[in-house]
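Here's a quick tour for anyone opening this structure for the first time. Keep the viewer at hand and follow along, topic by topic.

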Amino acid sequence: MAVTPRCDVVIIGSGPGGLAAAVTAKREGARDVLIIERDKELGGILLQCIHNGFGVETLKQDLPGPAYAQRFAQEALALGVRVLTDAMVLDITPERHVFVTSRHGGLAELEAGAIVLAMGCRERTRAQIRIPGTRPAGVYTAGTAQRFVNIEGWMPGGRFVILGSGDIGMIMARRLAFEGAQVERVLEIMPFLTGLTRNYVQCLLDYGIPLELSHTVKRILGNRRVEAVEAVQVDAQWNPIPGTAEIIPCDTLLLSVGLIPENELSRKAGVALDPVTGGPYVDQGMQTSVPGIFAAGNVVHVYDLVDWVTEAGYVAGRSAARFALTGEKPSRDQVRFRAGDNVRYVVPQVMDKESLTQAPQRLQMRVVRPMEQKVWVEVLNGDELVARKAERYVRPGEMVTLELPQSAYDTVRRAEALSVRVVRR
Ligand SMILES: Cc1cc2nc3c(=O)[nH]c(=O)nc-3n(C[C@H](O)[C@H](O)[C@H](O)COP(=O)(O)OP(=O)(O)OC[C@H]3O[C@@H](n4cnc5c(N)ncnc54)[C@H](O)[C@@H]3O)c2cc1C
């Protein structure tokens, strides 16, 4: 096994999170920055997202996914970032040794000054949601179907039902309709939309594709190939409501039922994972619980917009370069964030108190249930209000952000934990 000299920063994954981290690490002065990507090209999931809607916040442009990725890939290459594609990281250690295998280089061990985890996430499958019925061909995750249609160039079916109102499912509903397929329905088990409202409008409403909330697939029918699904309405506990079952003929069922951050490598390195997000606990610099290992993008928590992933990549890349160059350690004086009323999780989960003396700090969160009336997003130290922001509404499919102002420093300095809640105005 080849052992190469130490790299300043090794980035695992070349999606928008990894690319942004590489660009900033280089700009911050890291000499040797290496991206390792298991795919043949740089860009991550964006390569199959040929629809537009990328970069509206960061670049003030509405780009297709591959164009967005290309901008960052070109920038990284121009800055001298090294890339190793078609190469899979198999293992990392808390001491930042990286074991990578590729057809060209065989198995190699690298030593990293700092590591950025940017492995993205994967889709939940039929096995994970346990849909009963036969096991015919014609059941795919929405992302797999997206790859077939947009990259491989073939249609996985002609008549579709989509389970789940996540963004990938809605985007695929429109894409398949473009290609002449019949999209019968999108079924959502929750009583609310789980993806972005803009995707509901642009992908379902505009194409006349019906969405049925509080509905699920009770059974898949068909032997060699899917012939129909049995849909049913559910109550608040997801129990089928008698008398509501309906057979919907179709030849393909697409699943858009959630994403899981890819953290097998993080676990191997001893990185502590948040059971709610499925990703590492991170601080304001995107440092995980293992010093020198940082994380960015969907590996931390599932983002709705690429712009936030890019921003997280910038933060992680900057922190990783500083760690590699100066051995900058996280402060021991940290405050934790707790999810309060109607908040599912908050990222970062911890923050160095002193970081607030340098700049305001952004918190990102998801709510548990929609609130369609005016709300306050509040940060509290016990009963004391630390910061708050007004929102017109909150929805689980749309990430909520709040900036903790520098003026909050005096209160934060005294706190061990701050709770974050969303309440009616
Ligand atoms: C279908 C879909 C549609 C979307 N539409 C929009 C939209 O319209 N607008 C918008 O703003 N956002 C959109 N998003 C969200 C946004 O694109 C994603 O949040 C973002 O691309 C995630 O970036 P990432 O870098 O975290 O992960 P990814 O892009 O998933 O990149 C992770 C990379 O890591 C690599 N990798 C994983 N493990 C290893 C390993 N062990 N060794 C080597 N490499 C590894 C993978 O091959 C992959 O290339 C969409 C997302 C999806 C999935």
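Strands β19 and β26 (residues 417–424) run parallel to each other and are joined by four bridges. In that pairing, Phe337 sits opposite Leu418 of β26. Keep in mind that this is a predicted model.

- On the β21 side, Gln334 faces Asp352.
- Put together, the open sheet has five strands in the order β21-β19-β26-β23-β24, and its pairing is mixed.
- β21 and β24 (384–391) are the edge strands, each pairing on one side only.
- From one strand to the next, the twist averages 25°.
- β23 (residues 375–381) pairs with β24 in the antiparallel sense, over seven bridges.
- Within that pair, Trp376 has Ala390 of β24 as its bridge partner.

**A three-stranded sheet**

- Another open sheet has three strands in the order β13-β14-β15, with antiparallel pairing.
- At its edges stand β13 (215–221) and β15 (246–249); each has a single partner strand, so one side of each has no neighbour in the sheet.
- Ignoring direction, neighbouring strands of this sheet are turned by 35° against each other on average.
- β14 (residues 228–233) and β15 are joined by four bridges in the antiparallel sense.

- α1 spans residues 16–27, which makes twelve residues.
- From first C-alpha to last, α1 reaches 17 Å, close to the 16 Å expected at 1.5 Å a residue.
- Is α1 mostly buried or exposed? Eleven of its twelve residues are buried, so the helix is largely enclosed by the rest of the structure.
- The buried residues of α1 include Pro16, Gly17, Leu19, Val23 and Lys26.
- What covers the buried residues of α1? The cover includes β2 (7–12), β3 (33–36), α2 (65–79), β7 (106–117) and α8 (306–326).
- After α1 comes Gly29, which has a positive phi, near 110°.
- α1 also belongs to a right-handed β-α-β unit, together with β2 and β3.
- β2 and β3 run parallel, joined by four bridges, and Ile11 stands opposite Ile35 in β3.
- β2 runs parallel to β7 as well, with five bridges between them; here Cys7 faces Ala112 of β7.
- Six of the six residues of β2 are buried, so this strand is largely enclosed by the rest of the structure.

**Cysteines**

- How many disulfides does the structure hold? The number is zero.
- Cys7 is buried, with a relative accessible area of 1%.
- Cys250 counts as buried too, at 5% relative accessibility.

- Which peptide bond is cis, with omega near 0°? The one from Val347 to Pro348.
- Look for Pro348 in the loop between β20 (343–347) and β21.
- Arg96 is not a glycine, yet its phi is positive, at about 70°.
- Arg96 lies in the loop between β5 (87–92) and β6 (97–102).
- Is Arg96 buried or exposed? Its relative accessible area is 18%, and buried means under 20%, so Arg96 is buried.
- Trp238 is another residue other than glycine with a positive phi, near 70°.
- The loop between β14 and β15 is where you'll find Trp238.
- At 47% relative accessibility, Trp238 counts as partly exposed.

Key. Residues numbered from 1 in each chain as written. Predicted model: local features only at pLDDT ≥ 70, side-chain atom pairs only at ≥ 80, totals over all residues. Heavy atoms only, no water. Helix = DSSP H or I, 4+ residues; strand = E, 2+ residues; numbered from the N terminus. Expected span 1.5 Å × (residues − 1). Buried < 20%, exposed > 50% of the residue type's maximum accessible area, 1.4 Å probe, protein only. Contact = heavy atoms within 4.5 Å. Pairing = 2+ DSSP bridges. Disulfide = S-S within 2.5 Å. Axes fitted to C-alpha atoms, helices over the stretch in contact; angles between N-to-C directions. Right-handed = clockwise from strand over helix to strand, strands pointing away.
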